[in-house]
Amino acid sequence: MENNNGMVLNSENCRYKQHARNKIFINGENRALSVNTGNIREHEYISKKFDGQMYPIGNHGLHANWLFNAVGLSKFQKSISRLDCHQLGSDGFVSQIMRVSIEFKNKKRQKYIVKMPETTNIKAALEKTLKLKMPEGADDRFIGGLVTFYNRECDFYGMERISGIRVPDYFYSQKMNPGKQVGAIVMEDLEGMVSVPYYESLNVSQLFSIASQLVNLHVFSVDMPAEWKKKFSFPMEFINTVANMHQVVKTYVDRNPELKETFSRVEKMYHSRELFVFLHRDSHKALGLDDFLCHGDLWFYNMLWKSTGTGSEMASNELGAIIDWQNLHTGSIAEDFGHMLTFCCDTTTRRLAEQEFLPIYYELLKAKTEEAGKVLNVTLSQFRRAYRRNFIAHALHLPFITSIMLCVQPAKDEITQYNRNKQLIDKVIGAWEDALDALHEEFPFALQFAVVSYGCVRVLKFLYIICKSILVHFITPKHDLQYLKDTWTVITGGTDGIGRAYIEELCKERGIKKFYLIGRNINKLNNTRKELEERYGCEVKTHVHDFERDDLSALPKDLSTLDIGILINCAGIAPHIIGTLTELPEGLASTILRVNLMSSVKMTEIVLPNMVKKKQGIIVNISSMTGWRPLPYLSSYPASKAALSFFSDSLSDEYRGTGIRVQVALGTLFSFWFFKVMFVPVVMLGVHKHRVASYQAKNSKKSE
């Protein structure tokens, strides 16, 4: 392998140096033209005798006269006899590509490629992959990233050429400015070159041919000019794409059950945007490496190969050109290899290249850098580790592209499609497994760190709440309620527990003497009213309402007209047994949600409008710490408390600065019954149903 390497690389460089560039004289007087929008459907072919008409180039408002100005032919229009224009079937996901052939009266022809950015292709690809119809305008969300990437390619073609890299000859470009200017690049037509299909694999000789050009990009990157670093900084729009691919990958896994076991081991990584940022942008820096220029999208259809013969669709081992430089950026020296080997090689070829090809490439890069009079501050160990880290990100990205390509470029028959998919499944599984190995090699304590970090976050969050509670209850001065002493205080569930405690505090310590109590037990209401009137001289109104059984529309009508200053929602119930939703008594879950959540929402809807008019008032909702996390076999109770907390926090922000205060109280163990019957089984014993049932059975016998 080493002996052949030098011959392949040197011959490749010689072929590049012998390549003759045929550029047309570019007219310096490009002028803006007023044009009408054209309408060319996919693969529609225009072939007419040219008579000076404004022929459309694509479907974005560009016409023949624009092209003539762009390539310097405006002065020679009288010599043009014919114009042929058709859309290539190899359009990218975010571009429309037109092939234009101009024939002169002397029978000579000049051919161009016109590339224009658009989002309809990526929208159609996602619709085919997910098998759902995206709403009109859904592709607009891609516009921001499209502008960034497309204009980046314009910048690349406008820069000085990097010697030794074969790219299409460039004639003209105009940047994309949505609503003001259509983006377009006019470049050389590389007709006759071919690409390797996405379902095949590059061979080792082709890898060396790619390396012979990529090495020049890396040599240029050593001490690269500051202008390049500035123009081609790392694009966070790329992270926005790769960090949001879980849905497509999950859909692919659901369609192919053989992927599920391995996917279960990597799925969590798809939810971590921070992981993608680190692997793509920062992982090489953590190894002490400088930024290098990266093509950023080096895969099958961005590498064009010389064919094996005239008219052949088979790729030779000689790379003809690298195209689509829209994701050019500074990043890891190993990024393009991570992308290329993951996407373009089967598992066997990739693993062989990782072991043998990468070290040979490193030695070549080192020698070429010395020839250029530069110093390569990268060791082989750093290079290989940078590759492993970058490979993890591309291994996660692979099934996303695989799934889309299988849908947008399916085989002609089901058997071929089935076999093709099986090969790609093996490729995905191999990539995932090797990514897990690389993760453990590069970050041996990653799992332990994640567990410890998660624990620390939870502890810190708990300590924050405790400290905040201490601050509010024992250090911060009490909120003066004297301005509300002449208003009514409405309390639901005020005859017991927390509601009764609020009444005692407001009567004895805060000077509140007017109460409106709502409860379901008339005897308890009367006893509470009598005690408040006799002991504290309070004015008390009562209303019997059972939130568990009575309709919310039956609440007293005078609540909307009374001068209410404080509303405290304490009404609530908890399940008396533990079980799955279908094992609980019918209607219990909805009853818990109605009492714990909807009663507070309805009371707030009734009372809040008058508070808004007076620009003063206090609303207190009683939630629970059980709303912090889901609790299986007790599903509706924590759900009701979590929803009430979110509702209260949202209202607090909505009415901040209006004189209305909304507070949510997170209670813990309100009663010994709740601790014994609910907290111990669910929280302390966990969600193991047999352990919970055993505890409840023992507890029931002791009670008897």
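Which residues form a nonpolar patch on the surface? Select Val459, Leu460, Phe462, Leu463, Ile466, Ile470, Leu471, Val472, Phe474, Ile475, Trp628 and Leu666, and you have it, with about 1,100 Å² of accessible area together. For a patch like this, residues need over 30% relative accessible area and no salt bridge; nonpolar side chains (Val, Leu, Ile, Met, Phe, Trp, Tyr) are joined within 5 Å, and like charges within 9 Å. Areas come from the Shrake-Rupley method with a 1.4 Å probe, and for residues only the protein chains shown count as cover.

Before moving on, two notes on what you're looking at. This is a predicted model, where local features need pLDDT of at least 70 and side-chain atom pairs count only at pLDDT 80 or more, while totals for chains, interfaces and linings use all residues. Residues are numbered from 1 along each chain as its sequence is written, and side-chain values use heavy atoms, with hydrogens and water left out.

**Helix 15**

Now colour residues 446-475, which make up helix 15 and supply the largest share of the patch, 10 residues. Helices here are DSSP runs of H or I with at least four residues, strands are runs of E with at least two, and both are numbered from the N terminus. Zoom in on leucine 460, which sits in helix 15. Is leucine 460 buried or exposed? It is exposed, because its relative accessible area is 56% and the cut-off for exposed is over 50%, with buried under 20% and partly exposed in between (1.4 Å probe, protein chains only).

Step on to lysine 478, whose side chain meets that of glutamate 505 in a salt bridge, 3.7 Å from N to O. The rule asks for a side-chain nitrogen of Lys or Arg within 4 Å of a carboxyl oxygen of Asp or Glu. This pair links distant parts of the chain, 27 residues apart: lysine 478 lies in the loop between helix 15 and strand 12 (488-492), glutamate 505 in helix 16 (residues 497-508). Lysine 478 is exposed at 60%, whereas glutamate 505 is partly exposed at 31%.

Arginine 500 counts as buried at 17% relative accessibility; glutamate 531 is partly exposed at 22%.

**A salt-bridge network**

How many salt bridges does the rule give? The count comes to 32. For a linked set, select Arg82, Asp84, Glu103, Lys107 and Arg109, which form a network. Within it, glutamate 103 and lysine 107 have their closest N and O atoms 3.9 Å apart. Glutamate 103 is buried at 11%, but lysine 107 is exposed at 63%.

**Strands and a buried arginine**

Next, show strand 9 (residues 303-307), which runs antiparallel to strand 7 (residues 193-194) and is joined to it by 2 bridges; pairing takes at least two DSSP bridges. Methionine 193 has lysine 306 as its bridge partner. Strand 9 also pairs with strand 10 (residues 315-322), antiparallel over 4 bridges, and there leucine 304 stands opposite alanine 321.

Last stop: arginine 166, in the loop between helix 4 (143-158) and strand 5 (170-174). Arginine 166 is buried at 5% relative accessibility, and its side chain makes a polar contact with the side chain of glutamate 188 at 3.4 Å. That term covers N or O atoms within 3.5 Å; within protein, one must be able to donate a hydrogen and the other to accept it, and residues adjacent in sequence count only if both atoms are side-chain atoms.
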